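Dear colleague,

Please find the structure below, handed over for your study.

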Amino acid sequence: MFPYIIINVAMSINGKISSANGRYNISTEEDIHRTMNLRNRVDAVLIGANTVMVDNPILRNAKNRIILDAKFKLNENFHVFDGSVKTYIFSLKNKKINNTQTVVLEDISLENILNKIRDLGIETILVEGGANVINQFIHKNIFNEFYIFINPKIVLSGKSLFENIEIKDMEYSILKSDNGILLSINRIPNMR
Ligand SMILES: NC(=O)c1ccc[n+]([C@@H]2O[C@H](COP(=O)([O-])OP(=O)(O)OC[C@H]3O[C@@H](n4cnc5c(N)ncnc54)[C@H](OP(=O)(O)O)[C@@H]3O)[C@@H](O)[C@H]2O)c1
């Protein structure tokens, strides 16, 4: 059984989710506030290892943290390992960082990870990135809610959200936002 899954990401109008210095100038004050409210709704926030390395986020308000790190490239020098909340690392490798619990998996498919998360008693998750992790959910069309905040700003260098993926007929609604556009993606029925 999977947890209830919310995906949330901030993107520039030309499709970038990070700039030369990480994600921070893609979000806005209002968008950060909205993200905090989403974190309050869920049992855990899930991110990929590259997001930890590039942004070194603390994931304020997260009740639990889940880090996907297949090859276990992370070390203890990141804020997410500060021990302030329960932090799980899902990996192929049986390694350990203080203040965390490693969940060692032979099969790191999204389905297997989600089943394990539910087995841990985590019923709702917020997936916050990065592109690699979010694309796995998009490819498999596995999510319950999916929000993209589009900041009307052009970012020249950085990571694109949609790469090597052609999405047809995305169904979405446009939610109002004072300083950008908030898309709520309902379904992704067709893609290559
Ligand atoms: N704008 C936003 O809202 C936002 C939010 C978050 C992040 N970002 C940006 O996104 C960028 C990072 O994105 P990214 O695509 O490079 O990387 P990412 O998605 O953060 O992390 C990818 C890494 O996570 C691990 N991973 C992915 N799927 C896994 C699985 N199923 N099981 C185990 N491990 C798994 C892999 O580690 P291995 O290498 O070991 O396979 C992979 O290399 C950063 O620049 C950050 O600033 C933007």
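R41 is partly exposed because its relative accessibility is 46%, where partly exposed lies between buried (under 20% relative accessible area) and exposed (over 50%), with a 1.4 Å probe and protein chains only. The model is predicted, so local features need pLDDT of at least 70 and side-chain atom pairs pLDDT 80 or more, while totals for chains, interfaces and linings use all residues. Residues are numbered from 1 along each chain as its sequence is written, and side-chain values use heavy atoms, without hydrogens and water.

R41 forms a salt bridge with E145, with the closest N and O atoms 2.7 Å apart; a salt bridge is a side-chain nitrogen of Lys or Arg within 4 Å of a carboxyl oxygen of Asp or Glu. This pair links distant parts of the chain, R41 in helix 1 and E145 in strand 7, 104 residues apart. Helices (H or I, at least four residues) and strands (E, at least two) are DSSP runs, numbered from the N terminus. E145 counts as buried, at 12% relative accessibility. By this rule there are 5 salt bridges.

Strand 3 (residues 64–68) is mostly covered, with 5 of its 5 residues buried. N64, I66 and L68 point one way, and R65 and I67 the other. Strand 3 runs parallel to strand 2 (residues 44–48), joined by 4 bridges; strands pair if DSSP finds at least two bridges between them. Strand 3 also pairs in the parallel sense with strand 4 (residues 86–91), over 5 bridges.

Yours sincerely
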